[in-house]
Amino acid sequence: MAIFAALGGTAILRSDFVTGVGRPLAQPVPFSHRHHVGELGVDCRYCHSGVETSSSAGLPATEVCMTCHSQLFTNADMLAPIRASLASGQPLQWQRANSVPDFVYFNHSIHIAKGVACETCHGEVDDMIGQ
Ligand code: HEC
Ligand code: HEC
Ligand code: HEC
(Lines give C-alpha, C1' and ligand atoms only; values in the text may rest on other atoms or scores of the structure.)
(Ligands and ions follow the chains in the order given, each with its own letter.)
Protein backbone atom coordinates (compact mmCIF):
# COMPACT_ATOMS: atom_id res chain seq x y z
CA MET A 1 0.00 0.00 0.00
CA ALA A 2 2.71 2.43 1.02
CA ILE A 3 4.46 2.00 -2.33
CA PHE A 4 1.32 3.05 -4.21
CA ALA A 5 0.91 6.06 -1.98
CA ALA A 6 4.54 7.02 -2.64
CA LEU A 7 4.22 6.67 -6.40
CA GLY A 8 0.96 8.58 -6.43
CA GLY A 9 2.62 11.34 -4.47
CA THR A 10 5.43 11.57 -7.01
CA ALA A 11 2.95 11.83 -9.87
CA ILE A 12 1.28 14.77 -8.15
CA LEU A 13 4.61 16.48 -7.43
CA ARG A 14 5.57 16.23 -11.09
CA SER A 15 2.22 17.26 -12.51
CA ASP A 16 1.80 20.52 -14.43
CA PHE A 17 -0.45 21.72 -11.66
CA VAL A 18 2.39 21.70 -9.15
CA THR A 19 5.24 22.69 -11.47
CA GLY A 20 3.14 25.51 -12.95
CA VAL A 21 3.66 24.56 -16.62
CA GLY A 22 1.39 26.67 -18.80
CA ARG A 23 0.61 29.16 -16.07
CA PRO A 24 2.21 32.62 -16.31
CA LEU A 25 3.99 33.77 -13.15
CA ALA A 26 2.91 36.90 -11.33
CA GLN A 27 5.57 39.48 -12.22
CA PRO A 28 6.23 42.99 -10.82
CA VAL A 29 5.66 44.43 -14.32
CA PRO A 30 3.55 42.68 -17.01
CA PHE A 31 6.54 42.32 -19.34
CA SER A 32 5.71 40.80 -22.75
CA HIS A 33 8.28 38.96 -24.88
CA ARG A 34 5.75 38.88 -27.69
CA HIS A 35 5.71 42.65 -27.73
CA HIS A 36 9.42 43.35 -27.30
CA VAL A 37 10.87 40.43 -29.30
CA GLY A 38 8.10 39.40 -31.68
CA GLU A 39 6.91 42.90 -32.59
CA LEU A 40 9.77 45.30 -31.81
CA GLY A 41 12.52 42.83 -32.73
CA VAL A 42 14.79 43.46 -29.72
CA ASP A 43 17.59 40.86 -29.63
CA CYS A 44 17.55 38.36 -26.73
CA ARG A 45 21.12 39.33 -25.81
CA TYR A 46 20.18 42.97 -25.32
CA CYS A 47 18.39 41.89 -22.13
CA HIS A 48 20.02 38.52 -21.37
CA SER A 49 23.54 39.74 -21.89
CA GLY A 50 25.36 36.98 -20.04
CA VAL A 51 24.12 34.23 -22.30
CA GLU A 52 27.14 34.05 -24.64
CA THR A 53 29.85 34.60 -22.09
CA SER A 54 28.78 33.00 -18.85
CA SER A 55 26.88 30.10 -17.38
CA SER A 56 23.83 32.24 -16.69
CA ALA A 57 21.84 34.34 -19.15
CA GLY A 58 20.79 36.75 -16.43
CA LEU A 59 17.74 38.96 -16.19
CA PRO A 60 17.91 42.61 -17.30
CA ALA A 61 18.68 45.41 -14.86
CA THR A 62 16.21 48.26 -14.53
CA GLU A 63 18.59 50.49 -16.51
CA VAL A 64 18.16 48.23 -19.55
CA CYS A 65 14.40 48.83 -19.54
CA MET A 66 15.04 52.52 -19.02
CA THR A 67 17.15 52.89 -22.16
CA CYS A 68 13.79 52.96 -23.91
CA HIS A 69 11.28 53.66 -21.19
CA SER A 70 12.86 56.89 -20.06
CA GLN A 71 11.53 58.16 -23.42
CA LEU A 72 8.63 55.84 -24.22
CA PHE A 73 5.53 55.31 -22.12
CA THR A 74 7.17 57.37 -19.40
CA ASN A 75 3.99 57.89 -17.40
CA ALA A 76 2.33 54.51 -17.87
CA ASP A 77 0.99 53.05 -14.61
CA MET A 78 2.21 49.65 -15.75
CA LEU A 79 5.78 50.92 -15.66
CA ALA A 80 5.53 52.57 -12.23
CA PRO A 81 7.50 49.69 -10.56
CA ILE A 82 10.37 50.31 -13.01
CA ARG A 83 10.52 54.01 -12.19
CA ALA A 84 10.37 53.20 -8.47
CA SER A 85 13.19 50.69 -8.87
CA LEU A 86 15.37 53.22 -10.68
CA ALA A 87 14.69 55.87 -8.05
CA SER A 88 15.34 53.58 -5.07
CA GLY A 89 18.12 51.48 -6.57
CA GLN A 90 16.22 48.30 -5.57
CA PRO A 91 16.22 45.78 -8.45
CA LEU A 92 12.91 44.43 -9.75
CA GLN A 93 12.18 41.00 -8.28
CA TRP A 94 11.43 38.88 -11.35
CA GLN A 95 9.97 35.44 -10.62
CA ARG A 96 12.03 32.65 -12.15
CA ALA A 97 10.30 30.14 -14.40
CA ASN A 98 13.36 28.01 -15.20
CA SER A 99 15.52 26.82 -12.42
CA VAL A 100 17.41 23.57 -12.33
CA PRO A 101 18.21 22.14 -8.88
CA ASP A 102 21.49 23.33 -7.34
CA PHE A 103 23.24 20.00 -7.99
CA VAL A 104 22.80 20.42 -11.77
CA TYR A 105 25.47 22.51 -13.44
CA PHE A 106 24.12 24.19 -16.55
CA ASN A 107 26.24 26.50 -18.70
CA HIS A 108 24.62 28.69 -21.35
CA SER A 109 27.72 29.96 -23.13
CA ILE A 110 28.81 26.44 -24.18
CA HIS A 111 25.43 25.73 -25.76
CA ILE A 112 25.28 29.09 -27.55
CA ALA A 113 28.85 28.67 -28.84
CA LYS A 114 27.83 25.31 -30.32
CA GLY A 115 24.96 26.98 -32.14
CA VAL A 116 22.03 25.72 -30.10
CA ALA A 117 19.20 28.21 -30.54
CA CYS A 118 17.41 29.68 -27.53
CA GLU A 119 14.15 28.31 -28.93
CA THR A 120 15.45 24.74 -28.87
CA CYS A 121 15.28 24.78 -25.09
CA HIS A 122 12.95 27.64 -24.27
CA GLY A 123 10.34 27.34 -27.02
CA GLU A 124 8.88 30.20 -29.02
CA VAL A 125 9.74 32.93 -26.52
CA ASP A 126 8.91 35.68 -29.01
CA ASP A 127 5.29 34.62 -28.77
CA MET A 128 5.12 34.44 -24.97
CA ILE A 129 3.37 36.99 -22.89
CA GLY A 130 3.91 35.47 -19.48
CA GLN A 131 7.49 34.34 -19.91
C1 HEC B 1 14.35 48.69 -27.27
C2 HEC B 1 13.40 49.50 -26.51
C3 HEC B 1 12.71 48.86 -25.31
C4 HEC B 1 13.31 48.23 -24.22
C5 HEC B 1 14.78 47.97 -23.97
C6 HEC B 1 12.22 47.89 -23.33
N7 HEC B 1 11.02 48.28 -23.85
FE8 HEC B 1 9.17 47.98 -23.02
N9 HEC B 1 8.30 48.82 -24.65
C10 HEC B 1 8.95 49.38 -25.73
C11 HEC B 1 7.97 49.90 -26.67
C12 HEC B 1 8.31 50.59 -27.98
C13 HEC B 1 6.72 49.62 -26.11
C14 HEC B 1 5.32 49.75 -26.65
C15 HEC B 1 4.82 50.89 -27.25
C16 HEC B 1 3.51 50.56 -27.91
O17 HEC B 1 2.69 49.83 -27.35
O18 HEC B 1 3.33 51.04 -29.00
C19 HEC B 1 6.94 48.96 -24.84
C20 HEC B 1 5.93 48.57 -23.96
C21 HEC B 1 6.11 48.07 -22.69
C22 HEC B 1 5.07 47.79 -21.74
C23 HEC B 1 3.59 48.04 -21.96
C24 HEC B 1 2.85 46.77 -22.11
C25 HEC B 1 2.96 46.21 -23.44
O26 HEC B 1 3.68 45.20 -23.59
O27 HEC B 1 2.35 46.75 -24.36
C28 HEC B 1 5.67 47.27 -20.63
C29 HEC B 1 4.98 46.82 -19.34
C30 HEC B 1 7.09 47.24 -20.88
N31 HEC B 1 7.33 47.74 -22.14
C32 HEC B 1 8.04 46.80 -19.98
C33 HEC B 1 9.41 46.75 -20.23
C34 HEC B 1 10.39 46.21 -19.31
C35 HEC B 1 10.07 45.63 -17.95
C36 HEC B 1 11.61 46.33 -19.90
C37 HEC B 1 12.95 45.89 -19.38
C38 HEC B 1 13.05 44.48 -19.01
C39 HEC B 1 11.40 46.94 -21.21
N40 HEC B 1 10.04 47.17 -21.37
C41 HEC B 1 12.40 47.24 -22.12
C42 HEC B 1 10.32 49.44 -25.90
C43 HEC B 1 11.28 48.88 -25.06
C1 HEC C 1 13.52 43.87 -23.57
C2 HEC C 1 14.14 42.87 -22.72
C3 HEC C 1 14.07 41.40 -23.08
C4 HEC C 1 14.33 40.80 -24.31
C5 HEC C 1 14.70 41.46 -25.62
C6 HEC C 1 14.21 39.37 -24.08
N7 HEC C 1 13.89 39.12 -22.78
FE8 HEC C 1 13.69 37.30 -21.92
N9 HEC C 1 13.14 38.19 -20.12
C10 HEC C 1 13.08 39.55 -19.92
C11 HEC C 1 12.54 39.78 -18.57
C12 HEC C 1 12.30 41.14 -17.94
C13 HEC C 1 12.30 38.52 -18.01
C14 HEC C 1 11.74 38.22 -16.59
C15 HEC C 1 10.25 38.37 -16.61
C16 HEC C 1 9.56 37.27 -17.35
O17 HEC C 1 9.87 36.09 -17.11
O18 HEC C 1 8.71 37.59 -18.20
C19 HEC C 1 12.68 37.53 -19.01
C20 HEC C 1 12.59 36.15 -18.84
C21 HEC C 1 13.03 35.21 -19.77
C22 HEC C 1 13.03 33.78 -19.56
C23 HEC C 1 12.52 33.08 -18.33
C24 HEC C 1 13.63 33.00 -17.33
C25 HEC C 1 13.18 32.37 -16.05
O26 HEC C 1 13.82 31.42 -15.61
O27 HEC C 1 12.23 32.85 -15.46
C28 HEC C 1 13.53 33.20 -20.70
C29 HEC C 1 13.75 31.72 -20.94
C30 HEC C 1 13.83 34.26 -21.62
N31 HEC C 1 13.51 35.48 -21.03
C32 HEC C 1 14.34 34.07 -22.88
C33 HEC C 1 14.44 35.06 -23.86
C34 HEC C 1 14.77 34.80 -25.26
C35 HEC C 1 15.06 33.43 -25.84
C36 HEC C 1 14.76 36.01 -25.89
C37 HEC C 1 14.94 36.30 -27.38
C38 HEC C 1 14.10 35.52 -28.28
C39 HEC C 1 14.45 37.03 -24.86
N40 HEC C 1 14.25 36.41 -23.67
C41 HEC C 1 14.41 38.41 -25.08
C42 HEC C 1 13.47 40.53 -20.79
C43 HEC C 1 13.79 40.33 -22.13
C1 HEC D 1 20.65 23.79 -24.11
C2 HEC D 1 19.45 24.42 -23.62
C3 HEC D 1 19.40 25.93 -23.51
C4 HEC D 1 19.68 26.86 -24.51
C5 HEC D 1 20.17 26.63 -25.92
C6 HEC D 1 19.38 28.15 -23.93
N7 HEC D 1 18.96 28.00 -22.63
FE8 HEC D 1 18.40 29.47 -21.35
N9 HEC D 1 18.17 28.14 -19.82
C10 HEC D 1 18.35 26.77 -19.94
C11 HEC D 1 18.25 26.16 -18.60
C12 HEC D 1 18.40 24.67 -18.30
C13 HEC D 1 17.99 27.21 -17.69
C14 HEC D 1 17.85 27.14 -16.19
C15 HEC D 1 19.26 27.32 -15.61
C16 HEC D 1 19.36 27.33 -14.10
O17 HEC D 1 18.38 27.20 -13.39
O18 HEC D 1 20.50 27.48 -13.61
C19 HEC D 1 17.92 28.43 -18.49
C20 HEC D 1 17.68 29.69 -17.96
C21 HEC D 1 17.57 30.85 -18.72
C22 HEC D 1 17.22 32.16 -18.21
C23 HEC D 1 16.92 32.48 -16.77
C24 HEC D 1 18.06 33.28 -16.15
C25 HEC D 1 19.35 32.50 -16.02
O26 HEC D 1 20.38 33.03 -16.41
O27 HEC D 1 19.33 31.35 -15.54
C28 HEC D 1 17.22 33.02 -19.26
C29 HEC D 1 16.91 34.51 -19.24
C30 HEC D 1 17.59 32.27 -20.45
N31 HEC D 1 17.80 30.95 -20.08
C32 HEC D 1 17.74 32.83 -21.71
C33 HEC D 1 18.29 32.17 -22.81
C34 HEC D 1 18.61 32.81 -24.08
C35 HEC D 1 18.40 34.29 -24.40
C36 HEC D 1 19.11 31.84 -24.90
C37 HEC D 1 19.66 31.97 -26.33
C38 HEC D 1 20.65 33.02 -26.60
C39 HEC D 1 19.11 30.57 -24.13
N40 HEC D 1 18.61 30.83 -22.88
C41 HEC D 1 19.51 29.34 -24.61
C42 HEC D 1 18.59 26.10 -21.12
C43 HEC D 1 18.95 26.67 -22.33
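**Close-up views of a predicted model**

View 1. H48 places a polar side-chain atom 2.8 Å from a nitrogen atom of the ligand, and R96 places one 3.1 Å from an oxygen atom of ligand 2. Residues are numbered from 1 along each chain as its sequence is written, and ligands are numbered from 1 in the order in which they are written. Local features need pLDDT of at least 70, and side-chain atom pairs count only at pLDDT 80 or more, with side-chain values using heavy atoms and leaving out hydrogens and water.

**View 2. The shell around ligand 2.** Of the 22 residues around ligand 2, H33, C44, C47, H48 and A97 come nearest; a residue is near if one of its heavy atoms lies within 4 Å. By class, the shell has 11 nonpolar, eight polar and three charged residues. Helix 8 gives the most, with three residues.

**View 3. The largest nonpolar core.** V29, C65, M66, A76, L79, I82 and L92 form the largest nonpolar core, a set of buried residues (under 20% relative accessible area) joined through side-chain atoms within 4.5 Å.

Technical notes:
Buried means under 20% relative accessible area, exposed over 50%, partly exposed in between (1.4 Å probe, protein chains only). A polar contact is a pair of N or O atoms within 3.5 Å; within protein, one must be able to donate a hydrogen and the other to accept it, and residues adjacent in sequence count only if both atoms are side-chain atoms. Helices (H or I, at least four residues) and strands (E, at least two) are DSSP runs, numbered from the N terminus. Ala, Val, Leu, Ile, Met, Phe, Trp, Tyr, Cys and Pro count as nonpolar, Asp, Glu, Lys and Arg as charged, and the others, Gly among them, as polar.
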